[in-house]
Amino acid sequence: MHDRVAIIGVGWSGFRPVTPELSYKELIYEAAVKAYADANLDPRKDIESFVTVAEDFYEGTSIFDEYTPDQLGAVLKPVHTIGGDGLHGLATACMLILTGQFSVVAVEGHSKASNVKTLPQVIGYAQDPILNRPLRFNNHFIPGLDMNRYLFDTGTSLEQCASVIVKNRRNALVNPSAPYGADLTLEDVLSGEPTAWPLNSHQIAHHADGAIVIVLASADRVHSFTDKPVWVTGVGWCNDSPALENREWGEAIYAREAARMAFRQAGMLNPGRAIDFVEVDDVYGYKELQSLEAMGFFRRGEAGKATEEGFTHPDGELPVNVSGGSQGFGDLLDANGLARALEVVLQLRGEAGPRQLESVSTGLAQSWRGVPSASGAVVIMSGE
Amino acid sequence: MRKVAVVGAGMTKFVRRALETGKELSWQAARMALESCELTIDDIDAVCLGTAPDSFDGVHMNGEYLSDGSGAWRKPFMRSYVGGGTGVFVPIQGWYHVASGLFDIVLVVAEEKMSSYYPHAQAAFLTIFDHTTERPLKPNLLWIFALEMNRYMQTYGITKAEIAHVAVKNKRNAADHPCALLGDPNLTVEDVLNSEVLAWPVNRLDVSPVSDGAVAVVLAVEHVATRITDKPVWIEGVGWNLDTAHWTNRDLAYPRYVEFAARMAYEMAGIKEPRREIHIVEPYDPFDYKELHHLEGLLLADRGKAPQMVVDGVTQRDGDLPVCPSGGLLGVGNPIAAAGLMKIAEIFWQLRGEAGARQVPGQPKRGLAQAWGDLMQVGTVVIMGR
């Protein structure tokens with residue numbers, strides 16, 4: 001059995017609001033070629049297994065795993081698809097390597113959201129067909145309810161939620177891969193068109209297209225490919241109740257449980273101290289605060305205040321979503337988690353360019369599967 | 001490497017149109033699997049789910065929807081899929097969950113509810129084809145498998161009557177399976193040949209039925225498995241392999257992806273001579289010719305020679321190499337992902353000597369289950385032994 005797993009290569013394509021000149025296969029191919037060059041390997045010779053993440057309805061193709069191998073150089077290899085977030089895929093790759101049967105595994109996730117003409121209706125098909133769908137909920141109504149409960153329980157203010165958006169979209173201005181950078185004021189965010197109160201249109205991430213490929217290897221093989229490995233020290237994932245009727249509204253229990261699992265593996269007793277920066281779910285602005293509190297980085301109701309005070313800014317004590325998060329790089333559907341993991345890798349390698357954080361050695365990426373799920377995953381990475 | 005065992009199994013009846021929702025079917029199978037090894041859901045560290053396309057149920061992110069029914073409330077949960085190969089892939093997913101060292105006991109559930117697609121699930125398959133080059137031709141699964149069956153027959157000079165022996169054997173075997181949808185102890189080769197032609201050379205009785213159902217198994221790591229049961233069934237080898245999406249460029253006479261998956265599993269299990277070392281086989285048989293095709297891909301028969309084995313009775317329950325003693329998909333039914341996991345459950349019961357009227361004589365020691373799917377593209381193989 002292998003005992004440690006490291007990320008040895010990353011590649012990405014995008015992220016952009018529309019990519020009319022590229023098919024999803026071409027997006028993936030571009031990301032894969034970059035990742036393989038980064039890891040200095042030949043996929044046909046060196047990579048032993050491939051994991052992809054995808055959902056049929058987003059792709060408009062049933063059993064979409066059919067169309068995954070060619071553009072990855074994965075034909076006639078052990079390839080499988082996880083119906084999950086990219087971080088679920090990353091956790092799967094780690095498990096494959098930890099069994100000892102595989103030494104080098106690649107993970108792929110992508111979004112071609114711009115291809116989906118009826119994305120809100122497609123997402124609506126995720127609601128319980130018997131109990132919920134007849135009620136014809138708007139998709140944003142569900143996080144709207146959740147946000148309302150979160151504000152009520154924790155005393156977080158609308159301004160504090162808006163400060164997340166201001167921070168993340170400003171962060172995105174110095175991320176060349178993020179299309180939604182903007183210099184907004186609190187008033188700009190608060191004056192957005194109401195969507196599902198207390199949510200407004202400026203607190204919902206816009207979709208983007210892109211693809212990310214990450215290559216992982218077991219400890220004994222790492223140094224034949226790279227001299228700057230990023231070690232995966234903990235992975236965790238969890239599903240809370242999928243039923244709207246009996247979940248714990250206002251709390252991200254999936255994030256809490258996933259983080260606990262990952263902290264346990266990483267042997268972290270005081271994650272707040274051990275982790276230098278985090279990339280968390282912010283598809284809806286308030287989710288950043290809710291997820292940070294669920295994972296234990298702040299007590300309940302304190303993340304909003306900390307954000308207002310600059311604690312989570314790039315030069316703060318705990319930088320959060322330096323990449324710009326989904327507010328900045330776009331909602332990449334199930335590739336969101338891999339985009340966050342990508343940022344952690346770049347920061348730990350010191351390759352984040354103008355947004356590079358100083359002296360960081362450990363980072364965390366967390367992701368949520370989107371409306372109406374209560375499921376997500378966490379990955380902890382370390383440069384040492 | 002950590003050894004992983006199957007310690008419990010449960011399955012619902014396979015039926016044409018279940019009144020239960022997919023969640024309820026999953027729950028029934030999961031509960032039976034847990035009861036079979038006297039565990040409760042609190043003992044389960046993680047849950048793996050297999051279900052094939054979302055379009056059957058018409059539910060986007062169907063894995064999330066089914067998660068609580070599968071027992072995953074506040075637990076690590078993941079859904080994997082490789083099309084029709086999912087049923088034998090999901091125990092592989094459970095295997096790597098345990099073998100990685102992250103979990104000790106994992107519940108593996110496979111569910112399929114095809115009847116929600118009204119009037120017939122066949123139409124859902126239109127959406128598996130390439131949206132630009134193939135969908136405009138309105139292909140249908142029966143047609144592409146008719147192509148493959150025809151190619152197989154032409155390459156090796158095989159007759160429809162030889163292939164029909166598989167349907168007869170499996171549907172007769174299924175008459176002894178309490179969960180089966182299409183068991184028939186009196187079926188003959190003539191019945192198969194005289195059934196309605198769907199897409200030549202495929203007749204109605206050459207095909208497995210559209211079904212609803214769920215199956216679950218419990219996997220445990222060695223030191224836990226031996227405390228749970230006196231008769232753990234070990235997962236000795238796993239393999240899976242995905243070929244290109246360009247199926248039209250493939251030689252349909254031989255499934256090389258099945259061979260690659262089988263070689264991976266044989267190597268892991270340390271099997272040098274599969275024909276001597278495998279005692280029971282549950283190859284994937286959604287069509288009767290597929291069982292033969294897969295026996296060849298699994299290297300258990302020479303190319304083009306599997307039909308003769310069936311005609312000679314070698315693959316009967318009391319033959320030298322019992323094949324699909326459960327009744328297979330042709331007899332028990334084909335709720336896609338659940339049908340694959342049914343094969344794992346069958347090997348589990350056979351190796352423990354708990355298969356009742358279906359029991360293969362001679363105390364078999366090692367069995368192999370295999371599934372196949374996507375665009376005639378993926379092979380998944382699990383080898384189990386006691």
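The model is a predicted one, in which local features need pLDDT of at least 70 and side-chain atom pairs count only at pLDDT 80 or more, while totals for chains, interfaces and linings use all residues. Residues are numbered from 1 along each chain as its sequence is written, and chains are lettered from A and ligands numbered from 1 in the order in which they are written.

**Entry 1: strand β10 of chain B**

I noted that helices (H or I, at least four residues) and strands (E, at least two) are DSSP runs, numbered from the N terminus, and that two strands pair if DSSP finds at least two bridges between them. Strand β9 (residues 280-282) of chain B is joined to β10(B) by three bridges, and these two run parallel. On β10(B) I also found eight bridges to strand β11 (residues 378-385) of chain B, this time antiparallel, with Gly373(B) opposite Val378(B). The hairpin of β10(B) and β11(B) has four residues between the strands, and there Asp374(B) takes a positive phi near 60°.

How many of the residues of β10(B) are buried? I found eight of eight, over residues 366-373, where buried stands for 20 or more other C-beta atoms within 10 Å of the residue's own, exposed for 12 or fewer and partly exposed for what lies in between, with C-beta atoms placed from the backbone. In a regular strand the side chains alternate between the two faces of the sheet. In β10(B), I saw Arg366(B), Leu368(B), Gln370(B) and Trp372(B) point one way, and Gly367(B), Ala369(B), Ala371(B) and Gly373(B) the other way, all of them buried.

**Entry 2: strand β1 of chain A**

With strand β8 (residues 230-239) of chain A, β1(A) pairs in the antiparallel sense over three bridges, and Ala6(A) stands opposite Trp231(A).

**Entry 3: two pairs of helices**

Two packed helices are described by the angle between their axes and the distance between the axes. The axes are lines fitted to C-alpha atoms, for helices over the stretch in contact, and the angles run from 0 to 180 degrees between N-to-C directions. In chain A, helix α7 (residues 158-172) and helix α12 (residues 285-294) pack at an angle of about 105°, with their axes 7 Å apart. I therefore wrote down α7(A) and α12(A) as roughly perpendicular (angles under 35 degrees count as roughly parallel, over 145 as roughly antiparallel, 65 to 115 as roughly perpendicular and the rest as oblique).

In chain B, helix α4 (residues 86-99) and helix α14 (residues 336-352) pack at about 60°, with their axes 6 Å apart, and α4(B) and α14(B) are therefore oblique to each other. The residues of this contact of α4(B) with α14(B) divide into nine nonpolar, three polar and one charged, where Ala, Val, Leu, Ile, Met, Phe, Trp, Tyr, Cys and Pro count as nonpolar, Asp, Glu, Lys and Arg as charged, and the others, Gly among them, as polar.

**Entry 4: Val107 of chain A**

Is Val107(A) buried or exposed? Val107(A), which is found in strand β4 of chain A, is buried because 30 other C-beta atoms lie within 10 Å. Leaving out residues up to four places away in sequence, I listed its contacts as Val51(A), Gly89(A), Leu90(A), Ala93(A), Ile214(A) and Leu338(A), a contact being two residues whose C-beta atoms, placed from the backbone, lie within 7 Å.

**Entry 5: where chains A and B meet**

I found 52 residues of chain A in contact with 52 residues of chain B. The largest share of the side of chain A that touches chain B, five residues, comes from α4(A), and by class that side has 26 nonpolar, 16 polar and ten charged residues.
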